Amino acid sequence: MIRVLRYSKGKTKEVSNFDIKDAAFYWIYCFDATLKDLHKISEKTKVEIYDLKHVLDHQEHPRIENKKTYSLIIFRGLLHSTNNKKIS
């Protein structure tokens, strides 16, 4: 699953179709992302697929990596299911 949040001029909103060509900040939330999802993100953002594959690795440690054209933030946190049956 992919959710994209766009922050610009003090406002945050979820966007469904994103092209990162403006000066806004984007937070791309990936949960159980597929390789197809990662390729879509890579195509839209120009982030290397190699960097995005780390998102799928559950052993990957949270980190921030600054590249020439982007910053990669890998964040791990608890998620609570709405049906109260699963915490991951």
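## Nonpolar surface patch

A nonpolar patch on the surface is formed by Trp27, Ile64, Ile73 and Phe75, which together have about 470 Å² of accessible area. The model described here is predicted.

## The three-stranded sheet

Three strands make up an open sheet in the order β2-β1-β3, and their pairing is antiparallel. The edge positions belong to β2 and β3 (25–30); each has a single partner strand, so one side of each lacks a neighbour in the sheet. On average, neighbouring strands of this sheet are turned by 25° against each other, direction ignored.

Strands β1 and β3 run antiparallel and are joined by 6 bridges. Across from phenylalanine 25 in β3 stands tyrosine 7.

Side chains of opposite charge can pair when their charged atoms come close. The structure contains 5 salt bridges. In one of them, the side chains of glutamate 14 and arginine 3 meet at 3.1 Å, N to O. This pair links distant parts of the chain, with glutamate 14 in strand β2 (residues 11–15) and arginine 3 in strand β1 (residues 2–8), 11 residues apart.

How accessible is glutamate 14? Its relative accessibility is 47%, so glutamate 14 counts as partly exposed. Arginine 3 is also partly exposed, with a relative accessible area of 35%.

## A network of charged residues

Glutamate 60 and arginine 63 form a further salt bridge, in which the closest N and O atoms are 2.7 Å apart. Glutamate 60 counts as buried because its relative accessibility is 15%, and the buried class covers values under 20%. Arginine 63, at 22% relative accessibility, counts as partly exposed.

Glutamate 65 and lysine 67 also meet through their side chains in a salt bridge, at 2.8 Å from N to O. Glutamate 65 has a relative accessible area of 25% and is partly exposed; lysine 67 is partly exposed as well, with a relative accessible area of 33%.

Conventions: Residues are numbered from 1 along each chain as its sequence is written. This is a predicted model: local features need pLDDT of at least 70, side-chain atom pairs count only at pLDDT 80 or more; totals for chains, interfaces and linings use all residues. Side-chain values use heavy atoms; hydrogens and water are left out. A salt bridge is a side-chain nitrogen of Lys or Arg within 4 Å of a carboxyl oxygen of Asp or Glu. Helices (H or I, at least four residues) and strands (E, at least two) are DSSP runs, numbered from the N terminus. Buried means under 20% relative accessible area, exposed over 50%, partly exposed in between (1.4 Å probe, protein chains only). Patches are made of residues with over 30% relative accessible area and no salt bridge: like charges are joined within 9 Å, nonpolar side chains (Val, Leu, Ile, Met, Phe, Trp, Tyr) within 5 Å. Accessible areas come from the Shrake-Rupley method with a 1.4 Å probe; for residues, only the protein chains shown count as cover. Two strands pair if DSSP finds at least two bridges between them. Axes are lines fitted to C-alpha atoms, for helices over the stretch in contact, and angles run from 0 to 180 degrees between N-to-C directions.
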